[in-house]
Amino acid sequence: MDQSGEIQSTEPVVSEAISDVSHRKKLSIHFAESDQRRFPWAIGGQYVAGGTTPVTIRGKPIEDLSKTGGWVAAFFIFGNEMAERMAYFGLSVNMVAFMFYVMHRPFTSSANTVNTFLGISQASSVLGGFLADAYLGRYWTIAIFTTIYLLGLMGITLCATMPIFMPDQSNCDKLATLLGTCAPAKSWQMLYLNTVLYIAAFGAAGIRPCVSSFGADQFDENSPHYKSHLDRFFNFFYLSVTIGAIIAFTMVAYIQIKHGWGSAFGSLALAMGISNAIFFVGTPLYRHRLPGGSPLTRVAQVLVAAFRKRNIPFSCSELIGLYEVPGKRSVIKGSGKIEHTDDFRCLDKAALQLKEDGPVPSPWRLCTVTQVEEVKILLKLLPIPACTIMLSLILTEYLTLSVQQAYTMNTHMGLLKLPVTCMPVFPGLSIFFILTFYYTTFAPLARRLTGHPHGASQLQRVGLGLALSVLSVAWAGGFERYRRNYANDHGFEALFLSPMPNLSAYWLLIQYVLIGVAEVFCIVGLLEFLYQEAPDAMRSVGSAYAAVAGGLGCFFATILNNIINGITGNEIEGKQPWLSQNINSGRFDYFYWLLTVLGIINFFVFLFFAKRYKYRVRNTS
C-alpha cells in the first residue's frame, strides 16, 4: 500500500474454482485465511479490529474507550451542527428579502440566487465527503470548512453593514421597490455579495457530509446497544438541526426587524464562531476513524479492471478465483472485509484472478472482492437518495412560495403580529414536537403495528416521509386556489403585498406541519440508512449522497421555475406566468398540483427500488 492509502495488490489468494456458469450457481469464494500474516500499513503492524477501530486524533489506538466518545462527545458535535443550520436557514430566508429590499434585485432573481446558494452548499458536499474519507478524516474536514464558513458569514455581515457595499437607498420607498425604480446595485457590489455568499456555501458543503457521520463514529460498534444508540443519535442530530432552524426563523428575524440587516447576519457569524470554539474544546473526547485513501481512485480501479477483463468468461480455464487478501481483515484503512454478493456481476470481473496476472498484479487490473463490493454498494444506494430529490424540491419551493402567500394574509395571532419571514418556523416546530415525542408515542405504536424493534425500518420511514410530502403539497394547491379566489373576489388582485385582514395566514400551518413531519421521517431515516449501509471507509461519501440530493432539489427547483414561467407566460400578449410576482394574478395552485403529480410518480419509483433493496449483511467474523 502506498502513502496515500491506496490498495496495492498483495500476494494472491487462491480460492476454489467457480461453479460452472451453465448451472447459474452463485459465485463462491473460499479464502485461504491466515491470522498469522500482518501488514506494515496497519496500525502498530497489526490489522485494525474489524477494520473500523476508533483511534485518537494522532492516529493511535485508544487505550480506554470509556474516556472518549459516547453522548458527551456527541453533544459537542450537536452544537456545531445547530449553529451551521442556524446560519444556513438564516441566509436562505433572509437573503431573498435582503437582495430584494436592499440590493434592489427582482424577487425572482433573488429567489433563484438563493436557490443556487442552497444547491451549491449541498450538491458540492461530495467534495467534503471525499476529502474526509480520502485524506483529512472527518474531524479536520469539519475544522477547516467550518472556519471557511465563518469567513463567508463575516463577509456577508460587512456587506449588510457598510454602505459602500450597498446601492443608494434614497428615494426608495415601498412603492418604488414594488415598481422596480430603486437604484440598482453596481456590478462590483453584486460580485462581492455573490463571492462571500458562495464562500459560505463552500464552507457548508465541507461540513454537511461529515458532521452526522463524525457524531455516529462516537459510538461503539461492538456494543449491544449500538443500533439503538445510533437510532437515537440521528433523531437528536436532526433535533439540533431543527432548533437551529427555529432560531433562524424567529430570533434572527426579530433581530433584523429591530436592529437591521447587519445585526441579523452578524448574529449568524457570532453563533458560528461560538460553535467553532465549542467544537474544538471537545477535541480530547472525540473518537476518529482513519481515512482509507481516495475512494474515487478505488472506484476507478474497479471500473478499469472490470473493463479490461470484460471479455473473460467466469468459466475461463485460466481462472484461479476471486481475489482477496488473506486473513480476516481488509487492506483498506478504516474498513472491514465485505462479503461477496451476486449484484452487478459485470463488476466481479475486476476481481477475477487469472494465472497471467502474476504474483504482484497491478491494482488497475486486479482488485480485491472488498474493493469491488464497495463500488456495488455505492451503486445500490444511489436510487434511494435520488428519490428524495423531490422532497428537497418541494421544501425549496415552500421557502419562497409560501412566504409570498403569507404576505397576502393576516399574520396576527391575537395581539401578536408574526413577521412573514417567521412563517417557515412552523415546519421546524412540527419537527421539534415529532422528535420530542417520537420514542414515547410514535415508536411504541409503530412497533405494535409492524413488529419492527424501532417501529419502522429506515426505508419505511423514508417512504412515509415522501407520502406525507405529497399530501402537503396537494393541500397547498387546494388552499392556494381558495386564497387566490378570495383575493380576486374582494378586490385584492393588484394588492399582492397587502394582507387581507379576514384571511388568516395560519391556514398555511396544515401544509407546514405535514411537510415538517415528512422531513423528519424521510431525512432522518435516510441519514441513518446511508450511514449503516455505506462502506466503512466511504461513510462521509455516503452521507454526502443525502446532501447532494438536497442540492439537486434546489437546482431543479430553479430549473422548474424557469421552465414553467417560460411555458405559461407571454410578455407580448400580456399573459402572466403561473409564478408571477403578483401571486394573485399567477397560478400558484396549478404549480402546487404539478408538484403533487410529480411527487406521486416519484413515490411509486421509490417503492419500486425500496422493495428490491437488500440490506447489507455485515461480516462479523
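Reply: The expected span of a helix is 1.5 Å times one less than its number of residues. Helices themselves are DSSP runs of H or I with at least four residues, strands are runs of E with at least two, and both are numbered from the N terminus. This is a predicted model, in which local features need pLDDT of at least 70 and side-chain atom pairs count only at pLDDT 80 or more, while totals for chains, interfaces and linings use all residues. Residues are numbered from 1 along each chain as its sequence is written, and side-chain values use heavy atoms, with hydrogens and water left out.

Me: OK, what span should helix α12 have?

Reply: Helix α12 covers residues 425-436, and its twelve residues should span 16 Å at 1.5 Å a residue. Its end C-alpha atoms are 16 Å apart, which agrees.

Me: Which residues of α12 are buried?

Reply: They are V425, F426, P427, G428, S430, I431 and L435. Buried means under 20% relative accessible area, exposed means over 50%, and partly exposed lies in between, with a 1.4 Å probe and protein chains only. The areas come from the Shrake-Rupley method with that 1.4 Å probe, and for residues only the protein chains shown count as cover.

Me: New topic: how many cavities of 30 Å³ or more are there?

Reply: The search of the whole structure finds six. A cavity is a set of points, on a 1 Å grid over the protein atoms alone, where a 1.4 Å probe fits but cannot get out; lining residues have an atom within 4 Å of a point. Grid points are joined across faces, edges and corners, and a volume is the space filled by probe spheres set on the points.

Me: How much space lies in the largest cavity, and what lines it?

Reply: The largest cavity holds about 700 Å³ of space. It is lined by 40 residues, of which R85, F89, Y238, L395 and E519 are the closest to its centre. Among the elements that give two or more residues to this lining are α1 (70-101), α6 (226-259), α11 (389-407) and α12.

Me: Which helix gives the most?

Reply: That is α11, with seven residues in the lining of the largest cavity.

Me: How many salt bridges does the search find?

Reply: There are 14 in the whole structure. A salt bridge is a side-chain nitrogen of Lys or Arg within 4 Å of a carboxyl oxygen of Asp or Glu. One of them joins the side chains of R208 and E84, at 3.2 Å from N to O. R208 lies in helix α5 and E84 in helix α1, so this pair ties together parts that are 124 residues apart in sequence.

Me: Are R208 and E84 buried or exposed?

Reply: R208 counts as buried because its relative accessibility is 12%. E84 is buried because its relative accessible area is 0%.

Me: Where are the partners R138 and D217?

Reply: R138 forms a salt bridge with D217, the closest N and O atoms being 2.6 Å apart. R138 is in helix α3 (residues 125-161) and D217 is in the loop between α5 and α6, 79 residues apart, and the pair links distant parts of the chain. Both R138 and D217 are buried.

Me: Switching to the backbone: what is the phi of H104?

Reply: H104 has a positive phi of about 60° although it is not a glycine. Most residues other than glycine have a negative phi. H104 is found in the loop between α1 and α2, and H104 counts as buried because its relative accessibility is 13%.

Me: And what is the phi of F344?

Reply: F344 has a positive phi of about 45°, and F344 is not a glycine either. F344 is found in the loop between β1 and β2, and it counts as partly exposed because its relative accessibility is 37%.

Me: Last one: which residues form the nonpolar patch on the surface?

Reply: V597, L598, I601, V605, F608 and F609 form it, with about 490 Å² of accessible area together. Patches are made of residues with over 30% relative accessible area and no salt bridge; like charges are joined within 9 Å and nonpolar side chains (Val, Leu, Ile, Met, Phe, Trp, Tyr) within 5 Å. V605 is in helix α17 (residues 588-612), and V605 counts as partly exposed because its relative accessibility is 36%.

Note on methods
1 Å grid on protein atoms, 1.4 Å probe; cavity = no way out; pocket = protein on both sides within 12 Å on 5 of 7 lines; lining within 4 Å.
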